[in-house]
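Student: Could you take me through one part of this structure slowly? I would like a close look at a helix and what surrounds it.

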Amino acid sequence: MSKRATKRQLREGAFDAGQFEGNDKVRRLPVDRGWSPLAHHNDDREQAYLKTIKAKSPGQQELIEAIDSKNLVMALGPAGTGKTYLAIAKAVEALESGRVGRIVLSRPAVEAGESIGFLPGDAEDKLAPYLRPLYDALSDRLSMKRVRALMAEGAIEIAPVGFMRGRTLNNAFVVIDEAQNCTYVQLKMLLTRLGWHSTMVVTGDPNQSDLLPELSGLGPVAERLEEVGNIAVVRLAERDIVRHPLVAEMLGVL
């Protein structure tokens with residue numbers, strides 16, 4: 001058969017081009033052109049890529065369940081137990097699913113032995129280093145482009161504790177991070193910002209406060225709120241640390 005005739009028959013569908021690839025003496029089985037991935041087990045396929053949150057310890061599982069069932073949760077525990085990460089991950093999940101209209105993240109601007117007065121820029125620029133951990137957690141759940149877009153439209157707000165006074169946070173997921181650096185009065189102010197259809201998660205480690213021990217309000221507030229049935233106080237321990245194993249060993253002796 002001439003090359004011209006072969007090409008014509010290929011165009012007309014008489015042959016499958018794959019039959020004559022490689023060795024001409026070997027005919028390949030025709031491919032079922034009607035196959036589609038949507039036609040087979042479509043109900044069992046996950047079409048979208050989602051970062052799912054999985055607890056890595058019993059304490060983390062308790063925290064996740066508390067956030068799902070309570071409107072106010074206090075998560076206390078040592079560094080590396082995933083308090084902030086899980087809180088922000090659940091906040092992003094609530095925002096993306098439409099359960100809340102915005103995310104509000106707050107952190108006290110307390111100098112841990114360093115001074116930020118020499119840093120260039122206005123007040124917002126000077127506070128940026130304190131809020132950087134919140135950006136890091138957000139960017140792990142969302143792309144930075146998406147984070148910037150949500151912040152531009154007001155769906156995500158990051159602010160120091162001092163900017164929260166006098167506000168009512170309705171239809172929001174609120175995360176108060178590093179609460180051990182808040183005084184009793186500050187925490188009382190923050191907790192009373194909770195509005196309708198909102199969830200608030202307060203995270204911190206009472207043993208790593210940059211304030212004097214008698215000034216930090218996290219411990220006393222958590223002890224009092226444990227008596228309130230509709231509020232969950234989750235205490236994480238060294239066994240819940242998910243960072244490098246040396247972190248748990250160091251905290252055991254420091």
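Tutor: Happy to. This is a predicted model, so let us begin with confidence. Among the elements of the chain, strand 1 (residues 72-76) has the highest mean pLDDT, 97, while helix 1 (residues 3-11) has the lowest, 61. For the chain, the average pLDDT is 79, and 73% of the residues score at least 70. Two stretches call for care. Residues 24-29 stay under 50 in pLDDT, and the model gives them five contacts beyond four places in sequence. Residues 31-50 are also below 50, with seven contacts in the model beyond near neighbours in sequence.

Now for the close look, at helix 3 (residues 83-97). One partner is helix 2 (residues 58-69): the two axes come within 11 Å and cross at roughly 35 degrees, and the crossing is right-handed. From helix 2, the residues making the contact are Gln60, Leu63, Ile64, Ile67 and Asp68; helix 3 brings Lys83, Leu86, Ala87 and Lys90. Sorted by class, that contact holds five nonpolar, one polar and three charged residues.

Helix 3 also takes part in the largest pocket, where helix 3, helix 4 (123-141) and strand 5 (199-204) each supply at least two lining residues. The volume of this pocket is about 640 Å³. Of its 28 lining residues, those closest to the centre are Gly82, Lys83, Thr84, Tyr85 and Arg243. The lining as a whole has ten charged, ten polar and eight nonpolar residues.

Key
Residues numbered from 1 in each chain as written. Predicted model: local features only at pLDDT ≥ 70, side-chain atom pairs only at ≥ 80, totals over all residues. Heavy atoms only, no water. pLDDT = per-residue confidence, 0-100. Helix = DSSP H or I, 4+ residues; strand = E, 2+ residues; numbered from the N terminus. Contact = heavy atoms within 4.5 Å. Axes fitted to C-alpha atoms, helices over the stretch in contact; angles between N-to-C directions. Left-handed = near helix turned anticlockwise from the far one by under 90°. Nonpolar A, V, L, I, M, F, W, Y, C, P; charged D, E, K, R; others polar. 1 Å grid on protein atoms, 1.4 Å probe; cavity = no way out; pocket = protein on both sides within 12 Å on 5 of 7 lines; lining within 4 Å. Points joined across faces, edges and corners; volume = space filled by probe spheres on them.
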